[in-house]
Each structure stands twice: as structure tokens, then as C-alpha cells.
Amino acid sequence: MGGMRDFLLQTLSPEGHYRILVVWPRKLLVPVIRLIDRTLAIPDDPAIVILEFNPNEHSSRMRRLGRELCFAGVPVFDEGQGRLRVYCPRPGAWTVIEAFQFYKERISPDAETLRNLAELGDYKGIAEIIGAVNYRLVGNTLITEGVTRSGSVAFQSYACYDLPEGAELVGA
């Protein structure tokens with residue numbers, strides 16, 4: 001509860017646009033806050049892992065996977081020059097990392113399933129594999145309570161974040 005230092009900021013592009021890959025889904029799997037200046041903020045929470053992927057010969061496949069994850073509710077941002085930043089619920093992080101490794105001949109069954117679900121546009125299936133941060137807004141306080149995956153608790157944590165004046169929860 002130390003103010004803005006408890007948040008990771010996603011700035012707007014130089015043109016003033018959000019860098020998120022798709023229009024907001026109804027429910028995000030990770031809480032995203034819109035500040036009064038339109039900057040986006042994600043809580044620096046133990047239930048959330050930041051993944052960054054640099055462009056390579058599979059950049060178009062990586063971007064397609066990123067878009068589908070974003071449609072499913074995982075915040076994926078274009079950092080420019082082909083780099084992607086993903087804010088992922090902790091229990092699904094390794095699966096997401098593997099799914100983005102298109103250069104590998106073998107990946108885990110969960111990562112393969114994640115790719116297949118993304119290709120099919122099965123957003124509910126994606127959420128079941130990755131998990132979702134449990135969060136709610138009480139007054140001007142964001143409360144996070146771990147991660148659930150496939151209906152059971154996959155990661156336990158608890159934190160409260162006081163939102164600055166004028167901030168709002170995206171997708172709520």
C-alpha cells in the first residue's frame with residue numbers, strides 16, 4: 001500500500017494509443033487499472049508474472065498467439081520493434097513461455113494445448129490452462145487474492161492496493 005510504486009506502468013504510444021494488442025475483453029485475467037492520464041497500471045503482485053518476448057523468425061506466430069491470449073483476457077502489450085510484454089497469472093507462466101517457443105520441436109502438452117486453444121479461439125479453455133488472478137475493487141482499494149485455475153486455488157496470496165484518485169479498474 002505504498003502508492004504508485006506498487007504498480008507497473010504501461011505508457012501510451014507516442015501517438016497517444018494504448019499498446020495493448022486487442023480491444024479490452026469483458027473480464028481480464030489480471031487486474032489492469034486506467035489512471036486519470038490514461039496510463040495503464042498493473043499491480044506489482046506476487047500472483048502476476050511479467051514475460052517479455054523479443055522478435056525472431058517466428059514473430060508473426062508469436063504476435064498471433066499474443067492477440068489470442070489478449071482476447072482471452074491476458075494483457076499483452078506491443079513494446080515496439082516486435083517485442084511483446086505479457087502479464088500472466090503465475091501458475092500459467094511456464095506454459096505461456098513454452099507456447100511462445102516456436103523454435104522448439106517439443107513442448108509440454110499444456111503448451112501445445114494452449115496453442116491449439118488459441119488457434120480455435122477457445123478463450124474459456126485458455127483461461128482454464130493459464131488461470132485467473134482473483135481480484136475485486138472495494139471502494140478505492142484493489143484486493144488480489146491469489147490465482148484460481150480450473151476451479152481450484154493454484155496460487156495463494158493476498159494484497160491490497162490503494163488506487164490513486166480518478167483511477168478505474170479496466171473491464172469491471
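Two strands are taken to pair if DSSP finds at least two bridges between them. In this predicted model, strand S2 (residues 33–34) meets that condition with S11, to which 2 bridges join it in an antiparallel run. Across this pairing, arginine 34 stands opposite glutamate 168 in S11. Both strands belong to an open sheet of 4 strands, ordered S1-S3-S2-S11 and paired in the antiparallel sense. Strand S1 (7–10) and strand S11 (168–169) form the edges; each has a single partner strand, so one side of each is left without a neighbour in the sheet.

Further antiparallel pairings involve strand S8 (residues 141–149). Strand S7 (residues 132–138) pairs with S8 over 6 bridges, and alanine 132 has threonine 148 in S8 as its bridge partner. The hairpin of S7 and S8 has 2 residues between the strands, and glycine 139 takes a positive phi near 65° there. S8 also pairs with strand S9 (residues 152–155) over 3 bridges, where arginine 149 is partnered by serine 152. In the hairpin of S8 and S9, again with 2 residues between the strands, serine 150 has a positive phi near 55°.

Helix H1 (residues 59–72) packs against helix H4 (residues 123–130) at an angle of about 90°, the axes being 9 Å apart. Angles of 65 to 115 degrees count as roughly perpendicular, and H1 and H4 are therefore described in that way. Glu68, Leu69, Phe71 and Ala72 of H1 make the contact with Tyr123, Ile126 and Ile130 of H4. By class, this contact has 6 nonpolar, no polar and 1 charged residues.

Key:
Residues numbered from 1 in each chain as written. Predicted model: local features only at pLDDT ≥ 70, side-chain atom pairs only at ≥ 80, totals over all residues. Heavy atoms only, no water. Axes fitted to C-alpha atoms, helices over the stretch in contact; angles between N-to-C directions. Parallel < 35°, antiparallel > 145°, perpendicular 65-115°, else oblique. Contact = heavy atoms within 4.5 Å. Nonpolar A, V, L, I, M, F, W, Y, C, P; charged D, E, K, R; others polar.
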